[in-house]
Every structure is written in structure tokens, then in C-alpha cells.
Amino acid sequence: MSDPVDVPIEDEIIRLGQFLKLANLVDGGSEAKTVIAAGLVRVNDEVELRRGRQLQAGDLVVFAGHRVRVAAG
């Protein structure tokens, strides 16, 4: 798998659903809710089922073959 793409955030933390939208991995909040609930999203190598999971710089998100890392903005 390729190196992760860094996606900068403005604040110190961001919720998983918001991050998926920011990283252009989903089109909207309802799609984020669906893919997270289906167990299709991994955070730091663990399946994450909470859309409100708080992410911070350094966290690695994997979805649909894409690897994106939360970066400090």
C-alpha cells in the first residue's frame, strides 16, 4: 500500500465523520455515517464504528484503499 496522504486540520482535534469529508473520501455526513457503521473505516489499524471518534495529528485513517493521516494545520 502507498504512503499515506497528509490532510491538515485547523484545530487540534476533528471528528472522524468530518475528517472523511475533509479528506474527500465521502461526499457528505450521511455517507460517512453509513460507511463507518458498516465497519469499513479503520483508525490506527482498528475498525472504528464511532462517527464522533476524535482524531488528532498523527492518526491514520484507512478507507476504500485510501490511507490518509491527520496532520496539524
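Strands here are DSSP runs of E, at least two residues long, numbered from the N terminus. These close-ups all come from a predicted model.

**View 1. The largest nonpolar core and who sits in it.** This core holds 19 residues, and L16, F19, L20, V41, L55 and V61 have the most contacts inside it.

**View 2. The surroundings of V41.** Skip the neighbours within four places in sequence, and V41 is still in contact with L16, L20, V35, I36, E46, V47, E48, V61, V62 and F63.

**View 3. R42 on strand β3.** R42 lies in β3 and counts as partly exposed because its relative accessibility is 34%, which falls between the 20% and 50% cut-offs. Not counting residues up to four places away in sequence, R42 touches V47, E48, L60, V61 and V62. For L60, 18 residues along the chain from R42, the C-alpha to C-alpha separation is 8.1 Å. A polar atom of the R42 side chain also sits 2.5 Å from the backbone oxygen of D45.

View 4. D59 lies in the loop between β5 (54-56) and β6. D59 is buried, and the nearest side chain of opposite charge, R53, is 4.6 Å away. What D59 does have is a side-chain polar contact with the side chain of N44 at 2.9 Å, plus a side-chain polar atom 2.9 Å from the backbone nitrogen of Q56. Leaving out residues up to four places away in sequence, D59 touches N44, Q54, V68, R69 and V70.

Terms used:
Residues are numbered from 1 along each chain as its sequence is written. This is a predicted model: local features need pLDDT of at least 70, side-chain atom pairs count only at pLDDT 80 or more; totals for chains, interfaces and linings use all residues. Side-chain values use heavy atoms; hydrogens and water are left out. A nonpolar core is a set of buried Ala, Val, Leu, Ile, Met, Phe, Trp, Tyr and Cys residues joined through side-chain atoms within 4.5 Å. Buried means under 20% relative accessible area, exposed over 50%, partly exposed in between (1.4 Å probe, protein chains only). Contact means heavy atoms within 4.5 Å. Helices (H or I, at least four residues) and strands (E, at least two) are DSSP runs, numbered from the N terminus. A polar contact is a pair of N or O atoms within 3.5 Å; within protein, one must be able to donate a hydrogen and the other to accept it, and residues adjacent in sequence count only if both atoms are side-chain atoms. Lys and Arg count as positive and Asp and Glu as negative; His and the chain ends are not counted. A salt bridge is a side-chain nitrogen of Lys or Arg within 4 Å of a carboxyl oxygen of Asp or Glu.
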